2 protein chains.
Amino acid sequence: MNFSEFDALMMQRALDLAEKGIYSTKPNPAVGCVITQDSKVIGEGWHRQAGQLHAERLALLDAQQRGFFVKGATAYVTLEPCSHTGRTSPCSDALIEAGIGRVVVAMQDPNPLVCGQGIQKLQAANIPVDVGLMQERAESLNLGFIQTMKTQLPFVRLKMATSLDGRTAAANGESQWITGDEARKAVHFMRAKHGALITGIGTVLADDPSLTVRLTDEELASINLTQDNCHPIRVILDPHMSMPLDAKMLSLPGRTIVMTSKASAESQRSQIDAFYAKGIELVAVAAQDDVLDLESVLHYLAQEEKVTDVMVEAGSIVAGAFMRSGFVNELHCFVAPTIMGDKAKPMFTLPGIEAMSDKLPLAFQSCNLVGQDVHLVLTPTTQKG
Amino acid sequence: MNFSEFDALMMQRALDLAEKGIYSTKPNPAVGCVITQDSKVIGEGWHRQAGQLHAERLALLDAQQRGFFVKGATAYVTLEPCSHTGRTSPCSDALIEAGIGRVVVAMQDPNPLVCGQGIQKLQAANIPVDVGLMQERAESLNLGFIQTMKTQLPFVRLKMATSLDGRTAAANGESQWITGDEARKAVHFMRAKHGALITGIGTVLADDPSLTVRLTDEELASINLTQDNCHPIRVILDPHMSMPLDAKMLSLPGRTIVMTSKASAESQRSQIDAFYAKGIELVAVAAQDDVLDLESVLHYLAQEEKVTDVMVEAGSIVAGAFMRSGFVNELHCFVAPTIMGDKAKPMFTLPGIEAMSDKLPLAFQSCNLVGQDVHLVLTPTTQKG
């Protein structure tokens, strides 16, 4: 398929619109739509939040409100229009009913069960559909949605804050703060993008972290969130149910799920009531040798909590286990310009790595200065996800 | 002083010319010169190598050879023309004799004893001199020359190759290779820029390194060096004179200086002959508690060997000592996209660093992808140099 320069410009615009929703649409994908008539934009829309109108319907409404006729117009959509009736009726029907003359789609629906059905519906109504314009960028906006649809597991970002020499806490345990204001601000925006935030019980016991999104009302408004809906679910990996009932996070906004082993949940039934009384949600998952099975943890979050994007912020044991599991899709390192020395805490506890041939291989995706720190993004080169 | 846009363009050109010499002029500074007449370039020159003509004389010669008259012309020089008779007669005299009408200088001579004398000589001959155009870039080309002139100590770059988690060798000691081809190539170019390369005896015993510049004839030609003159002096910090007489580097091109303590040199006189027989140059410097005094090491290299730029490539003990000494001017980290785990070797051994408040502060100057790796450049924020 050859797309025109105008097609490219319009899809670019639709993708820019879609991007406005990447913080607020979860678990839905971020989608943008531009409608043009005679090389002129007559309507625009982007999906804001689950339960609200989809991008295509908003763009049709926009055109109508601006007094334009959409008959024969071209619709640029960043994701294949839906063909199934969810909380709203199918967008493909809406485009057909409106008399749209051509549809350009950046990427097909990633759900293998419905992939292509929206396009087929449009084609069956004799509307030409061109697919694949700027597909890569379209995919990059919805990595979690795509991965969850395809694998039933969420997209996992492991975030670490380290010194230049790869240390996450001083020898005496202090870790606040290694990175500067701007990197920490970037982390709070990053948290707001995720449906769940995983940490280990060791971090809870050592640091008593809040694990909230700490952004101003203005900052949240800029990403279409509020103080009420910005916090990811906190997930504590706690194989022995050691979660302190006075943990700071329990009095803060946002849900807290403690994941423990089935054995612990059975042997410590009295503790369960205490947890519930504090608002802790307890989930028992598979475990081996006192280590929770990470696939079960992730599967639960994707299937039961509809979480498409998980962020892990943890100490060296949980971080090492995640890296080794192969379930990490992106590693985000915020590296501070400081040296903490050989006695400070390591990034990854990885028993059994002894030789150069054992090392875990990744690939750099980007490196950028963020305030006084450097933000490195890597992807494992041997990942399961 | 207000410089014209034309002035800026010409000085830019002179700096570009100067930059061609940054590998080959050591211990001299890299200098470029452009001569213009009626807004036209009539002569250009840049210093290639100690003992050869200076930039100003080459530019005058160039103008002459091209058939131009330089009387009343403007000379753009990246460094104040010299006023003293070294291997060549003073460049300020040459400019005066040629009848140059105006001189624009990027930066004054950094040597506090002669600073401004070249400019005064020109002014005394009624030639207007304008100073300070693009001074910052001019300084950046000759950091080692400037620092040695001002402090009698060389500019020190500490280079490390590490995994993402700050490890320089696997638990079993293997370290070849952590970084990829392109980063290692960049390191060889970096070595070629330096007058001396310091490492510790521990690295010699563990890795038996070559510490040579391994570049092709073409690569060396591109920086005006040859296989014969490209190697920095290898300097081994060896407090107990443990240097193995069969070390690989001893059969490779380039000089090897072993620095030891005065006490060792006196107590192991028999070893001295064996060292000399192998071509090792032995230098005894001050030491305390079996640790060589780094200021004495650096002072020796600047004063006795005319080294303006020193590169340190060492294990965690020497690297830690250098970082703590305050003599490091730039830290270059080539970070590989790999994880080596908590058992692997640390970057810096720094006894006594226990709390966050003890950490050594630096500042990032740049971060760039180099092949598969990331190159981070930092400067300590509390440095002596």
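This is a predicted model: local features need pLDDT of at least 70, side-chain atom pairs count only at pLDDT 80 or more; totals for chains, interfaces and linings use all residues.
The residues that line the largest cavity divide into six nonpolar, five polar and no charged, where Ala, Val, Leu, Ile, Met, Phe, Trp, Tyr, Cys and Pro count as nonpolar, Asp, Glu, Lys and Arg as charged, and the others, Gly among them, as polar. Residues are numbered from 1 along each chain as its sequence is written, chains are lettered from A and ligands numbered from 1 in the order in which they are written, and side-chain values use heavy atoms, with hydrogens and water left out.

A cavity here is a set of points, on a 1 Å grid over the protein atoms alone, where a 1.4 Å probe fits but cannot get out, whereas a pocket is an open set with protein on both sides within 12 Å along at least five of seven lines; lining residues have an atom within 4 Å of a point. Grid points are joined across faces, edges and corners, and a volume is the space filled by probe spheres set on the points.

The largest cavity has a volume of about 70 Å³, and its lining includes A:Leu164, A:Val335 and A:Leu376 along with B:Leu164, B:Val335 and B:Leu376. The second largest cavity, at about 30 Å³, is lined by A:Glu80, A:Pro81, A:Cys82, A:Ser83, A:Asp109, A:Val114 and A:Gly118.

How many residues does each chain bring to the contact? Chain A and chain B each give 48 residues, contact meaning heavy atoms within 4.5 Å. The area buried between the two chains is about 3800 Å², with 72% of that area given by carbon and sulfur atoms; buried area is the accessible area (1.4 Å probe) that two parts lose on being put together, summed over both. In chain A, the residues that lose the most area to chain B are A:Ile339, A:Met356 and A:Phe364, together 20% of what that side buries.
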